Amino acid sequence: MTELALPQIDRTTVSKKSLIVSQLKKFTNDENVLSENEEIKPYETDGLAAYKQTPLAVVLPENTKEVSEILKFCNEENIKVIPRGAGTGLSGGALPLQDAILLGLGKFNKILEIDFENKCVVTQPGVTNLGITHAVQHKGYYYAPDPSSQLACSIGGNVAENSGGVHSLKYGTTTNNILGVEMVMMDGTITKIGGKTLDQEGYDLLGLVCGSEGLLGVITEVTVKILRKPQSVRAALIGFPTVEDGGNCVSDIISSGIVPAGMEMMDKALIDATDKFSKAGYPKDAEVLMIVELDGTKSEVDGLLNKVSEIAKQNNSNSMKLSNNEKERLAFWSGRKAAFPACGAMAPDYYCMDGSIPRGKLSLILKEINQLSKKYNLAVANAFHAGDGNLHPLIMFDGSDKEQLRKTEEFGAEILKACVKHGGALTGEHGVGIEKRELMCEAFNNDDIQQQLNIKKSLDEKNLLNPGKVYPILRKCAEEGRVHVHRGEEKFPDLPRF
Amino acid sequence: MSTEEKKNSQISLDSETLSPSTEKEVSEIVREIYSKQLPIEITGTGTKKVFGYNLQTAKKLSLSQLSGIIDYQKEELYIKVKAGTPIEDIEKILEENNQELAFEPIDFGYMINGQTNKGTIGGYVACNFAGSRRFKVGSVRDHILGFKGVNGKGDIIKSGGTVVKNVTGYDLSKLISGSFGTLVVLTEITLKVSPKKQSQITVIVYSDEIKKISNLFDKILSSSNEVSAATFIPEEPTHKNYEHTKNKIFKFNDLDQEGSFLAFRIEGDKRSIDERLKELKIELDLSNFKSSILDVHQSVPFWKKVNNLELFSGTKNNILRAVMPPAKCEAFSKFLNKNYKYYIDWCGSLFWIEVLDKDDEKINKIKNFILENSGYLTILKKSENFDFQDTLFTIDSTRLMISKKIKGSFDPKKIFNPGRMYREL
């Protein structure tokens with residue numbers, strides 16, 4: 001792995017470790033402060049397991065007051081703080097620093113209030129995404145954003161990253177589904193933003209904080225909107241003989257006025273890989289495969305599904321299955337959900353990219369990626385959230401070969417640069433973190449970045465909260481930007497990633 | 001740059017209203033006023049001038065010349081426009097392509113002087129006041145994919161883009177929505193557009209009982225039948241100084257004008273509407289109420305009237321906008337009932353209230369009730385010669401402190417719309 005530039009280490013802080021640890025114990029129970037090597041090792045990395053660094057100490061506060069006191073103390077003593085939820089993030093947003101306190105929110109694991117009257121749930125940030133749905137599903141409700149790691153990822157982390165998921169095409173991402181947060185600023189100030197009302201007055205601080213990757217404050221409470229489950233959900237599994245046909249079909253479905261709940265696409269390489277891995281029974285003669293999911297009332301879904309299949313036929317589809325029950329629908333998804341482990345089984349290592357492009361450029365970018373694959377002589381498999389133009393190319397390589405690693409990094413950076421060139425974005429849902437930090441200058445100029453840094457400075461004057469993330473340190477627009485998985489040693493190998 | 005060009009680019013600040021026609025000119029003007037520390041009022045076509053505190057600035061920066069559609073990609077579901085583009089222009093091109101802005105821009109013209117006047121998209125984004133479909137599709141801010149603008153130092157900045165999934169850096173599109181022009185001068189806005197639904201109907205349910213109405217709102221919110229708007233129009237108070245407009249505004253063949261009513265809208269293709277209507281009739285126990293149905297030809301104009309505050313057309317009185325948690329709908333309605341002219345939108349969350357009196361005490365009583373019940377209040381329009389002493393917008397001291405810091409990071413010399421939202425900002 002290439003050397004990663006990190007903020008300069010404050011040796012004074014490092015030398016005062018034992019003093020700092022004893023001080024932290026004044027704010028929370030002794031057992032909540034970890035400082036021995038074997039205790040803090042589990043916190044050395046997050047979902048981007050290629051980078052590892054043990055922090056100075058780990059503190060696991062139990063309530064907002066403790067978080068506030070810890071942050072106030074660190075602010076006064078110039079100690080850096082890295083907030084962390086479940087640590088499942090794929091861009092290294094929770095990577096510790098040698099001279100920083102890692103502030104874990106694992107003990108904030110309770111749902112505080114289920115309010116069916118106001119259609120919301122007030123929860124602590126350490127509760128998992130799926131935990132919220134589990135708490136309300138007995139009354140037919142659910143929480144809409146569904147990142148693939150929803151079994152393990154925390155809602156606080158979702159707020160920090162503005163997480164999306166397969167269904168964000170219709171239901172939006174985290175920012176469109178939360179009503180309020182309680183947040184502690186770096187100077188210890190506790191603030192409530194929003195609540196149980198729609199929108200808020202004054203500056204949209206909720207919108208600013210959501211997706212700020214833990215740089216502006218530590219979330220200690222979240223109020224999320226819950227929705228009634230749709231009455232009917234059906235899916236279509238459609239194969240196309242060419243990439244263009246598949247891409248055109250996506251555009252035609254959207255421009256016909258249909259907004260599917262989800263619209264996914266896989267290329268030939270991934271169809272083969274997942275079929276070997278999960279025996280999903282995908283068609284062999286398809287160059288690209290699409291899963292279109294529709295939800296709503298029964299007759300509406302049936303009608304839309306017919307419309308989708310007509311559009312697919314007009315775009316030369318060469319295979320089509322429509323789900324008639326939940327079992328069939330889930331079977332369509334089984335291969336798609338096995339995409340990441342399937343790639344893990346095909347090569348010693350893979351990199352997962354996360355770029356966004358306009359939907360109409362899908363076949364174009366897929367062709368470019370395939371050309372790059374030939375240029376670098378590295379295999380690639382592609383999974384797309386096609387409905388919202390979010391792509392996850394998986395580059396396969398052998399990390400023990402230094403030259404292959406270097407080529408993979410170049411390959412990945414070229415894909416993301418191509419996304420920006422085609423009017424897309426560097427990251428659709430994984431966040432910038434440390435991973436795509438140096439690529440920020442591809443998307444933004446100095447004035448854009450300076451404005452963002454000014455906001456950061458206004459709320460965290462000494463740049464102590466999660467420093468070294470999101471904004472370029474080198475400003476050389478280097479060739480980084482991927483998730484590196486070595487021999488299945490992903491931090492969470494069992495979590496589906498899609 | 002040659003000497004000649006330099007000379008040409010010198011911005012004159014002589015006139016009272018500066019009307020730049022390019023982003024570069026906006027930037028140059030702001031650089032000038034930044035160096036001279038000259039506060040400025042930012043306007044579009046002036047339709048939302050009455051919102052917030054009156055400004056005392058010597059100069060105005062008008063964006064009315066910064067108008068036009070830059071890029072419309074129907075298949076990509078976005079439209080990129082210059083900030084001073086009239087909303088009607090955007091709606092027209094979308095209509096031709098069977099698309100729309102899902103947040104239903106409100107025409108505040110009726111409330112302000114009795115006639116239609118939608119204003120510009122920049123002004124609309126600056127307020128973030130979404131229309132009747134809000135509880136279903138999100139607010140204005142949820143439909144802004146990206147923007148370009150000029151900060152208080154004259155730097156041209158951008159955030160977001162044209163794609164829906166984008167987590168690159170802070171989401172400033174949200175922050176500038178509802179900032180009333182106090183952070184940036186918007187120059188370019190990219191909006192998410194949505195396919196228009198094939199058809200719609202509106203169901204009218206007649207009842208004067210607030211408990212029943214609030215119960216119906218709750219059932220609508222709990223339903224998976226995707227109701228896209230729901231309002232309650234109560235009988236007007238008898239006080240002679242309230243103009244009785246209800247029966248003039250809501251004049252439809254299939255609407256009985258007697259008493260109060262709740263109305264909700266179902267959109268979609270015909271088959272889906274029929275199916276959902278059937279289910280909603282059962283879910284809402286509609287057999288226990290007197291009800292009627294407005295077909296698409298009545299439903300469309302009906303919601304325009306609700307959305308555009310036509311009930312308050314040309315009023316001289318104060319107009320308050322309150323947003324409450326939906327479960328507080330009944331309590332707040334009871335508090336207001338018979339004393340004020342008001343109606344409820346957003347399926348029980350949004351209250352538009354007309355207040356006669358020019359005294360602080362009455363408004364403060366309403367404000368206190370709202371705050372005690374976890375809502376917020378905006379005094380949107382003040383009656384003439386009335387200077388409400390308390391803040392027009394709701395805020396607590398911590399959020400105000402944070403807001404001041406953020407303001408400083410965009411506009412360090414406080415030259416954009418100073419005091420428009422909060423006197424200190």
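What share of the contacts in chain A with a separation of 6 or more is accounted for by residues 24 or more positions apart? In this predicted model the share is 74%, two residues being in contact if their C-beta atoms, placed from the backbone, lie within 7 Å. Local features need pLDDT of at least 70 and side-chain atom pairs count only at pLDDT 80 or more, while totals for chains, interfaces and linings use all residues. Residues are numbered from 1 along each chain as its sequence is written, with chains lettered from A and ligands numbered from 1 in the order in which they are written.

Chain A contains 17 helices and 20 strands (DSSP runs numbered from the N terminus: H or I of at least four residues, and E of at least two). Of its 498 residues, 58% are buried, that is, have 20 or more other C-beta atoms within 10 Å of their own, with C-beta atoms placed from the backbone. The C-alpha trace of chain A spans about 70 × 60 × 40 Å along its principal axes.

The contact between the chains takes 73 residues from chain A and 70 residues from chain B. Elements giving two or more residues to the chain A side include β9 (190-194), α9 (243-255) and α11 (298-314) of chain A. The largest share of that side, nine residues, is supplied by α17(A).

In chain B, the assignment gives domain 1 (1-196 + 395-425) and domain 2 (199-381), with bounds from an automatic or database domain assignment. Their centres, taken over C-alpha atoms, are 30 Å apart. Contact between them involves 16 residues of domain 1 and 20 residues of domain 2 of chain B.

How values were computed:
Buried ≥ 20, exposed ≤ 12 C-beta atoms within 10 Å, placed from the backbone.
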